[in-house]
Amino acid sequence: MSAETVTAAAAEPPAFGAAGPAARHYEILPKTPPAGDAGSGLLEVSMGPHHPSTHGVFRMDVVLDGERVVKLKPVFGYLHRNHEKIAEGTTYLSSMPYTDRLDYFCSLTNNWAYALAVEKLAGLEVPERAEFIRVITAELTRLQNHVCLIGFLLQDMGALGTPLMYAFREREKILDLFESLTGARMMCNYMRFGGCRVDLPEGWLEAAKTVVEEYPRFLDEFERFLGGNEILLARTQGVGALPKELAVNAGVTGPMLRASGVNYDIRKVDLYGIYDRFDFKVPLGERGDVFDRYMIRVLEMRESLKILSRALADIPSGPIIDPKAKLRGFRPKPGEAYGRIEAPKGELGFYLISDGSPNPYRYRVRPPSFINLTILEDMCLNHLVADVVIILGSVDIVLGEVDR
Amino acid sequence: MIALDRIKTQLEATVPGARLEIVPNDSPSGQRSLLVDCAHAAAVAERLRDDPDLRLDYASNVTGVDWPEAELSEKVKIKRVVEGVESEVEEIRKTLRPGCLEAVYHLYSMEKKHGPVILRMRTENRTDKARLPSLTAVWRACEFQEREIYDLYGILFDGHPDLRRILMWDGFQDHPMRKDYVEPDDYEYEPTPHDEVLERAKGHHSREAAT
């Protein structure tokens, strides 16, 4: 950003309530070079919103010099439904099914983050069995999110179909578990404030154990096919590198941050739920390029499997919801709370302000993939258009969450 | 949890002139916050980021809150002497809370692994002085989130490098997260025009005829 744009914006404030600074951040280039001028050689391309590699309705305004990216501005909001406003108009519990639709791959972690924030706000305890169920479902969610992401990433690289179908086959098994537990494959709506909605059905733990035991075999096979693949290495190594300092300053979280070598996993830092009882490592990358981001996810899946096998063996019996938790007439005391968890995509936080009424006064979602997009331009500069697709794929965005 | 009172005294010593205030929080979460005046916000933020003990290098959640003008009533017990006998009388005292828009920053430290320290800034009013200094220069993480606050709440961030709408489309007129936002009347999109809709439509037609 040049200093000129800053001062210009400060000197001429837009009228209040007007559409805002209408001038775009970069000068719009003429579509055809004016006569008598060879032209700057720069080309403005609007990638998306209906581009297959944008993982939904997402657009990038790209300025190209040949095939090289000179400028890139992400544009989104196509899926915006003002989730936060809707939540302020309903009771606390009514927003729970709505959180499923944020990151529709990981409804269970969304549920958990929201439940955690409300539990902080109202001071609710969670029974031990419910904590175990939460860890198990969250780690299963992480497995299926990461494996799908790798499938999509390879799809973006041109490996059409096959790797994604391998990933979907495994995801299917996990979704079957979710279905038998919650009644829904993706829109689970499972957590409640102070516990979970229903107890595990008979035979669920055994079924989950089978999935967890068989998963490493699939992962080994997947890695054998991909780990040393020459095309994958050539396309990903050294592409879209994100330096450590920038990643921290830009609030990047999740596997993307750890790929840049920052040891920050909220499961370890906050020790929410019962994560202090599990022994797992936080894999870290070195260069923060697309390859590191891919590899971090593979390694994180292996750590999740460790947590899962431990949790599935240790789960105690008991109640699944705090008996003091009120489903009807739930009115937390006035105050505010911010609760966050390590969702598969990064830090998912909920910020709530209560004024003592049944509805939250302020309800805010801190979506990880929205904030991870802040440095998309920095990662893409001086790369080819084809690399932009891969870099975006490695950020792991879901537009339901970005746009809210 | 870091002691907020200590941070406050430290900041008052290192950033001269900064007016800081601790905002209480009665909820069990106990997350109190630090209200900063706009003039010293950037200096305070930089100090929080660079202080070797705090190192709050990560702005996690940045968001806006709307506080419209409201009449607050609280019960106050007053001792009164009536005919020589002292008695306690409950009285409702009403105070007018001026309206403002608020920006809230949840800060953590990735280096020291602590947090949150919550920073708040308030605008002078909700209409013509809805301005705050941007902290994007301190934490890049604020860039999109401040744009979102501008979009949904209408706070203008001075010094923001690229203050445009982000979720609503360019040319949208209002700020939908404000408490007094009224949805536009889209009677034309009603699938089946019935009594109520037809009644509303009349209003539109008369307005069109008048112009």
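How many salt bridges does the rule find across the interface of chain A and chain B? Five; a salt bridge here is a side-chain nitrogen of Lys or Arg within 4 Å of a carboxyl oxygen of Asp or Glu.

This is a predicted model, where local features need pLDDT of at least 70, side-chain atom pairs count only at pLDDT 80 or more, and totals for chains, interfaces and linings use all residues. Residues are numbered from 1 along each chain as its sequence is written, chains are lettered from A in the order written, and side-chain values use heavy atoms, without hydrogens or water.

**Stop 1: the interface.** Select Arg140(B) and Asp378(A). They form a salt bridge, with the closest N and O atoms 3.0 Å apart. Now widen the selection: 61 residues of chain A are in contact (heavy atoms within 4.5 Å) with 61 residues of chain B. The two chains bury about 5000 Å² between them, 54% of it on carbon and sulfur atoms. Buried area is the accessible area (1.4 Å probe) lost on being put together, summed over both parts.

**Stop 2: the sheet.** Select E6, E7 and E8 of chain A. These strands (DSSP runs of E, at least two residues, numbered from the N terminus) form an open antiparallel sheet in the order E6-E7-E8. Pairing requires at least two DSSP bridges between two strands. The edges are E6 (335-343) and E8 (360-366) of chain A. Nine bridges join E6(A) to E7 (346-354) of chain A. Zoom in on Ala343(A): its bridge partner in E7(A) is Gly346(A).

Terms used: Helix = DSSP H or I, 4+ residues; strand = E, 2+ residues; numbered from the N terminus.
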